[in-house]
Amino acid sequence: MANTDVVIRVENISKRYLVGHVSTRLDGHDTLRDAVVRHAKSFARKALDVARGRQIVDGDTVEEFWALRDLSFEIKRGEVLGIVGSNGAGKSTLLKLLSRITEPTNGRIEIDGRVASLLEVGTGFHPELSGRENIFLNGAILGMTRSEIRAQYDEIVDFAGVERFLDTPVKRYSSGMQVRLAFAVAAHLKPEILLVDEVLAVGDGEFQKKCLGKMGDVARSGRTVLLVSHNLGSLRSLCSHGILLSEGRLIAAGSISSVLMAYSAKNEPSNKVYPSDSLVRRVAAYQDTDKIILEMEYSNVRGKLTIPGFSFIIHEADGRPILGHNPMLERRNLDVPWPNEGVVRASVTSPKLLDGVYTVSVFLGDPYSTVFRDLNCLTISISGLVNSLYQLPPEQVGPVYPECQYEFLPLDLKAEVVDIAISES
Amino acid sequence: MEGRSVPMQIIESGHVEKNYWRDLWRYRELFEVLAWRDVAVRYKQTIIGVAWALLRPVLTMAVFTVIFSRLAKLPSEGNAPYPLMVMAGMLPWTFFSTALSDASNSLIGSAGLIGKIYFPRLIIPTATIVVAFVDLLISFAILCVMMAWYKFWPTWQILFLPLFVFLAFLASLGPGLWVTSLNVKYRDFRYVMPFALQLGLYVSPVGFSSSVVPAKWRLLYSFNPVVGVIDGFRWCILGRASRIYWTGLGVSVVVIVSFLLLGIGQFRRMEKTFADLI
């Protein structure tokens, strides 16, 4: 390589998969003759594939699917690169190519350094073996030597917090314990280049914090790390650079904040459309410059509603609720006139959502019952706000930005307030 | 792992790995660990544990002795007691069949690993053969007890036994690699293998001596690679009582080596697509 600082160079790689489809008749009636013909066709195709030495694909029509298309980029030594993109964008395929698990269809990759990949937590764990034995098994599978594992054994056990169960078969562990043990082993992996796929989203909050801390240590230790995650907050805090994939193509590359910005811009104000004959026709949620807007389009032509009482909950990406409101519980808007078909809009002026991905659940009902609910049906993703506000990231201060007034009070006034408080109690 | 630098890797379609065999050597610890895992879990959560490894060969030996010696009145080799001759044949056969069937299913059984981690895939089928080797050692201990019981002492020929163990290993590895890689693509082989091994038990000289086979068929019979291995085992264990048919052994070795080359070739050709197909 001309530039010794480049540790990974990817040139025009593409990866093709073959996918099969089964054509079924829409009316669901499949006569014996249809079935026989279909199976005969499928058998003939399989026989032909075998004769040509090709892979067998189930189904009666075969289609090419390009998981990655003409991807080129470079990574320098010590960079921590975040890979973002929606589901099916080709992120995991890219990691599989880089870790040599599968081969590209076209193109070329040059890697200078030892690669370890962590595509799944607990790969190769054997349920019958004890925790102690699995540490050595999993370590060896991830590419650690026995002496390396032995040297870090106590640390691993300590990190996982499973001292008491080291001689218990892993199948008797709770799933949380298994994940902790697995991550503890992986966290002590010390390759020159580390590929990580969406493994931070495990365990309880405290353990996640520990994992993020560990990942941060790895990132700061000068290793080259490639990280796939849907947790934009952790990507922002861990990565220096990023690339954005969409349908197998590279859309953006550069600093992590510019890439996350591009990613959020690509996600339109999230919205969901329902069948036209339903009570609720469309819901949408997004954050404007100064407020969060939630909308629901309803149609009361059948006269089911006594009032379009719209309520909502906004959750963090992991499902924990952040804020919500139900006007019906406060008996609000009961005498406001409303159209039979229309949109009900809720504007939240404070707080604002800070950077991250949030989901929204929506409800429709009157003060006595809920007639419609759709949980986690919308996504709001925010990025770049922390930077523009010059504020601390959500990992430190929580997901919302409060509207705040500050005053300066003289001491005697404060004392007065305290007096009142005492006299009231 | 730290500190040791590796040459630059190039990944592209159809790229032939120059360092494949050296890579294999570097992953020897993984091989050891996987083999150890297979041995360790073999008899977990069973009541009599390792006793299974003793019970199976002893019972089979007893049944074969009754059927082939008492009922069919087949002769043993020289003055060797019939049960000893059966046991000497069962050692390699059990090794061969366990190794071959485990190796054939090994890749599919490790689908999780193959899809998530890179390592030379050759490790998986070879590691499973270690389990068969452990069983072989246990059976060998039974054989020693039996030889002491019959006061049948081995000659210098037993020193060649490791050579034939290695031959048995190669004999199972070749078809094992071939079948396990095809199994990834065409699952039909999963059903073919148990059936083929069942037939193999009857066409191989396990319950009887290969000297029973008419002389004019002897050469053709040796195309079954297991024949050479079993004859070799008997020659080593039974000493002067057994006479080996050297031409037949040569044929068996040639067949074994060709299968091995075929197996490795097939495996290497398909190796890079395993993760996509499995």
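Author: Helix axes are lines fitted to C-alpha atoms over the stretch in contact, with angles from 0 to 180 degrees between N-to-C directions. In this predicted model, the axes of helix H7 (residues 161-185) and helix H11 (residues 246-270) of chain B come within 8 Å and cross at roughly 35°. Helices here are DSSP runs (H or I, at least four residues) and strands likewise (E, at least two), numbered from the N terminus.

Reader: Which residue classes make up the contact of H7(B) with H11(B)?

Author: The contact residues divide into 18 nonpolar, 5 polar and 1 charged. Nonpolar covers Ala, Val, Leu, Ile, Met, Phe, Trp, Tyr, Cys and Pro, charged covers Asp, Glu, Lys and Arg, and the others, Gly among them, are polar.

Reader: Is B:Ile47 buried or exposed?

Author: Buried means under 20% relative accessible area, exposed over 50%, and partly exposed in between (1.4 Å probe, protein chains only). B:Ile47 is exposed, at 87%, and is found in the loop between helices H2 (28-42) and H3 (51-71) of chain B.

Reader: Where does A:Asn12 lie?

Author: A:Asn12 lies in strand E1 (residues 6-21) of chain A. Its phi is near 50°, a positive value in a residue other than glycine, and at 46% relative accessibility A:Asn12 counts as partly exposed.

Reader: Which conventions apply?

Author: Residues are numbered from 1 along each chain as its sequence is written, and chains are lettered from A and ligands numbered from 1 in the order written. Local features need pLDDT of at least 70, side-chain atom pairs count only at pLDDT 80 or more, totals for chains, interfaces and linings use all residues, and side-chain values use heavy atoms, without hydrogens and water.
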